[in-house]
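Here is a short report on one protein model.

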Amino acid sequence: MPVITPFRRSPRPADDAPDGPDTPAAPGPAPLDALTSLRTRLAHLRAWRTRHPRAARVVRRVTTALSALLVLGALLLPNTLVAVEPSRFARIPGEAVVAAVLLLCLPRVPRLVAAALFGTALGALTVLNLLDMGFTEYLGRSFNLVLDWALLDDAQSFVADSMGGAAATWAAVGAVALAASLLVVMALAALRLGELLAAHRERAARGALMAATVWMTCVALGVQTFGVPVATTSASRAAEAQAHRVVDTLRDEAAFAKEAKADRFGATPGAQLVPDLRGKDMLFTFIESYGRSAVEDPVMAPGVGRTLDASTAALARAGFHARSGWLTSATYGGSSWLGHSTFLSGLWVDNQQRYRTVTAGDRLTLTKAFEKTGDWDTVGIMPGVQKAWPEADWYGLDKVYDAFDLGYRGPKFSWSTMPDQYALEAFQRLEHGRRRDRPLMAEVVLTSSHQPWAPVPRMVGWDEVGDGSVYDRIEASGVKASEVITDSARSKEEYGRSVQYSVTSLTRWLERYGTDDTVLVFLGDHQPLARVSGNEASRDVPVSIVAKDPEVLDALDDWNWTRGLKPAHDAPVWRMSSFRDRFLTAYGSTPHPTKG
């Protein structure tokens with residue numbers, strides 16, 4: 001038998017491999033190749049450590065220090081911007097002590113799994129804390145894990161309107177990358193610290209015991225530094241708060257659905273609704289972000305106050321008089337539709353789930369009450385609506401004019417699709433100025449005072465409004481949103497100017513086009529964000545009722561509202577959800593309740 005002698009052939013370079021079907025490449029197992037590559041890299045790393053022990057030691061220490069800082073920072077991170085102070089990070093987190101003890105007790109594989117899970121959970125909590133910061137700053141509340149994901153798309157749209165589409169895209173990409181990085185980096189940091197504890201088990205155990213002793217002593221004695229407790233479990237409390245928020249949200253859905261069915265005027269026949277307003281043209285108008293801060297903040301109040309006083313006097317010369325008070329909005333800083341639905345439905349609609357529930361039902365809204373009588377034509381002027389809006393039927397609006405129906409051919413003013421003066425002039429042209437057989441009820445939403453409050457339009461002659469092209473040069477010469485959005489002082493100034501513009505547009509429209517039978521109810525939907533209104537600001541907004549007919553205002557005598565457009569500081573403050581029933585009662589409606 002011939003003997004075959006094995007030999008090793010030098011590998012042929014890839015470029016020299018023959019082509020053609022007779023020499024197919026032998027596919028290797030991809031997972032094995034990847035594992036081999038990883039082992040090769042680890043071998044190179046170990047070799048580098050051997051050749052450069054001092055550099056390797058520095059890298060290890062820096063990595064360990066960064067891991068510790070990341071984990072401790074995440075455990076101590078508050079969920080509001082105002083609380084991010086150095087004193088918040090000079091504390092002992094109880095979760096770190098518990099995690100160290102747990103990792104010391106576990107064998108290697110369970111320890112690695114536990115460390116990775118702990119780090120990932122800590123990264124997720126950090127993401128939620130950052131979301132809480134943003135939502136608290138802009139909406140005055142924490143992020144809701146169940147309901148608020150859809151609002152992130154609105155946030156991107158806002159950035160696009162303020163900073164441009166490219167900035168919005170990069171911001172979205174950056175946010176996603178940051179969230180993913182936090183999950184990965186926190187997991188790696190926890191793994192690093194877990195391995196360090198295992199490598200120095202005896203010293204780590206003594207350190208954990210000392211830390212636990214100090215932590216419990218600080219708790220028992222109430223030790224504080226810079227006014228905050230040294231011992232803390234803030235991360236656990238934050239996670240618990242998120243969990244409670246989820247549970248409360250899920251429980252609230254059924255309870256609110258039942259509440260929405262119980263309606264004091266739900267079964268009232270149309271003939272018995274608002275009989276004292278028969279023959280009147282009714283306008284319910286929302287001014288975006290028109291909050292109490294605009295009237296009382298030292299920076300904004302002087303200009304806004306002068307505008308309200310001047311408008312009160314001008315309306316009086318035209319025969320109109322007003323009464324004003326305060327309403328506490330269900331929302332803050334944004335989510336205007338929650339304020340609108342609260343005001344019109346008589347229900348406290350403070351989250352997206354409640355909004356979906358109430359708009360899916362047949363709750364009587366103020367606007368629907370006028371439709372139900374059969375004595376009014378009902379329309380909506382919605383320059384901020386740029387997509388399908390099925391809620392129009394729930395509001396009781398026969399016809400809705402959105403951003404594309406008002407004939408505007410001018411520039412956008414950041415988020416606002418058109419200036420308020422144009423929207424009101426279009427309303428006059430399309431509906432209010434038409435000859436009709438029945439009076440008109442309109443819901444009008446004005447948007448020029450929407451953040452970022454730059455550029456702000458200015459008034460032009462009513463005969464110059466045209467198709468809106470006149471605003472091209474006004475928009476081009478205005479302040480850019482990017483110059484205002486990050487500057488609190490500038491934001492306050494421009495916000496005040498925007499409210500002055502919106503109020504002036506509305507009241508001058510009423511002077512010009514209002515009749516003896518026009519009744520105007522206008523209010524803010526919510527306060528501006530905390531950067532403008534302040535961290536301790538209320539949720540109050542001004543509300544005014546304006547009419548020529550003295551009987552319309554006489555019906556409000558027992559409300560004790562302030563005369564004129566500027567409510568007094570001590571004027572009555574009602575929850576916004578209470579307005580519907582008070583209004584219907586004041587103008588003669590007869591209650592016929594439905595039960596939940």
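His-526 sits in the loop between β10 (518–524) and α19 (530–533). Helices (H or I, at least four residues) and strands (E, at least two) are DSSP runs, numbered from the N terminus. The model is predicted: local features need pLDDT of at least 70, side-chain atom pairs count only at pLDDT 80 or more, and totals for chains, interfaces and linings use all residues. Residues are numbered from 1 along each chain as its sequence is written, and side-chain values use heavy atoms, with hydrogens and water left out.

His-526 counts as buried because its relative accessibility is 0%. Buried means under 20% relative accessible area, exposed over 50%, partly exposed in between (1.4 Å probe, protein chains only). The His-526 side chain makes polar contacts with the side chains of Glu-288 and Ser-336. A polar contact is a pair of N or O atoms within 3.5 Å; within protein, one must be able to donate a hydrogen and the other to accept it, and residues adjacent in sequence count only if both atoms are side-chain atoms.

| Side chain | Partner side chain | Distance |
|---|---|---|
| His-526 | Glu-288 | 3.1 Å |
| His-526 | Ser-336 | 3.1 Å |

Leaving aside neighbours within four places in sequence, His-526 also has Tyr-290, Thr-331 and Val-541 among its contacts. Contact means heavy atoms within 4.5 Å.

Tyr-290 leads on to the cores. The largest nonpolar core has 51 residues, and Tyr-290, Phe-427 and Trp-509 are among those with the most contacts inside it. Helix α18 (residues 488–513) gives the most to this core, with 8 residues. Apart from it lies another core, of 50 residues, including Trp-376 and Val-385. A nonpolar core is a set of buried Ala, Val, Leu, Ile, Met, Phe, Trp, Tyr and Cys residues joined through side-chain atoms within 4.5 Å.

Now the helix pair. Helix α4 (residues 108–139) packs against helix α8 (residues 234–261) at about 70 degrees, with their axes 11 Å apart. Axes are lines fitted to C-alpha atoms, for helices over the stretch in contact, and angles run from 0 to 180 degrees between N-to-C directions. α4 and α8 are therefore roughly perpendicular; that term covers 65 to 115 degrees. From α4, Leu-125, Leu-128, Asn-129 and Asp-132 meet Ala-235, Ala-238, Ala-239, Gln-242 and Arg-245 in α8.

How values were computed. Parallel < 35°, antiparallel > 145°, perpendicular 65-115°, else oblique.
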